[in-house]
Amino acid sequence: KINPVTLEALQKIRDASPRLAAKLLPQPPTNNTGLLGDDFVFPGMTPIPPPEVEMFPDTDARFWEKIATFSPEGSLRTLSLGGNRLRHLTDEYWSHPALLEDVVTLDLANTDVTEVELLMILKHCTEKLKNLYLGGNALGDSGIEALLAKANVLPQLTTLDLRYNDIKADGARALGQLLQLRPNGSIQTESQCAWNVLYLEGNQLGDEGAAVFVSYGKLTQLYLGQNSIGVEGAVGLAEGLKKPNQLKKMSLEGNQIGNDGAFALIEVLENLGKDKKLEKLYADNNGLTKETSIRLGSAINSATCIGDGGIFQE
């Protein structure tokens, strides 16, 4: 069951995007005969007819299952438009009633949209939006700063994906400011945003960008893989662990923290002892020696997420 107004909004988006329309078409059965051809049959075997392609009208929720899920009332809950070029879609499409007002998860990754177009889209979202995926859009520092300054829905998110967006130190600094703790009442402090999960892999934060995470806010997961983070960046991340935080998982794969950076993390984690929140730290491909990897794994009581496979079984 789909709300008629919601259906109209989806149809409008589909009809304006040939790539999206093609994605929604039923796919023909896979030919598993390889180079032998569709009509080849081994001697003595009975040919098996290909399965029929199940067709659904666009009034059926199953027609839209590749890009959308719906609430029991028929409104949109998830809208996944990742991988489709959306630059030509004007505000006329996004402002349609019932398209974005109830959406909880919005995927706009690899859609080639600019910060101006994103602001146009996000202004139609509401406080119900909790998960936003923007990876692979090359927004850069200026785009991130503009979004954080003008998109009112961003601070209320619980999951924000900014992977592969050419973000450097300035963009990271803007993100870090929202994670800063501020006074709340006489003694308590709170973050300026509700983010629990922040994806930043494949950017260009470097040491300067990593150092802005002097506070982790409400984050429980932080992904910083492949960001050219070295020793100084690791030292800054370790300093953030000394402060009150809820961080349980951090990914640092594919950086250059080396043994010195790892020991900065080890020292903090060992000193925190049972008071540490961090449970998983992924640090493969960082130039760590076997001994350092073992020590780091021991510091967070984990034999599965530090170093190369099998190192703790030796």
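I began with H8 and found Gly-233, Ala-234, Gly-236, Leu-237, Ala-238, Gly-240 and Leu-241 buried (under 20% relative accessible area, with exposed over 50% and partly exposed in between, 1.4 Å probe, protein chains only). These buried residues pack against helix H7 (206–210), strand S10 (249–251) and helix H9 (258–272). Helices (H or I, at least four residues) and strands (E, at least two) are DSSP runs numbered from the N terminus.

A note on the source: this is a predicted model, where local features need pLDDT of at least 70, side-chain atom pairs count only at pLDDT 80 or more, and totals for chains, interfaces and linings use all residues. Residues are numbered from 1 along each chain as its sequence is written, and side-chain values use heavy atoms, with hydrogens and water left out.

Next I looked up Ser-228, which sits in the loop between strand S9 (221–223) and helix H8 (231–241). I noted Ser-228 as partly exposed, at 48% relative accessible area. Beyond its neighbours within four places in sequence, Ser-228 is in contact with Gly-206, Asp-207, Asn-255 and Gln-256 (contact means heavy atoms within 4.5 Å). I also checked Gly-254: it is 26 residues from Ser-228 in sequence and 7.8 Å away in space, C-alpha to C-alpha.

Last, I turned to H5 (residues 140–150) and H6 (residues 169–179), and their crossing is left-handed (the near helix is turned anticlockwise from the far one by less than a right angle). On the H5 side, the contact is made by Asp-141, Ile-144, Glu-145 and Leu-148. By class I logged 6 nonpolar, 1 polar and 3 charged residues (Ala, Val, Leu, Ile, Met, Phe, Trp, Tyr, Cys and Pro count as nonpolar, Asp, Glu, Lys and Arg as charged, and the others, Gly among them, as polar).

Terms used
Axes fitted to C-alpha atoms, helices over the stretch in contact; angles between N-to-C directions.
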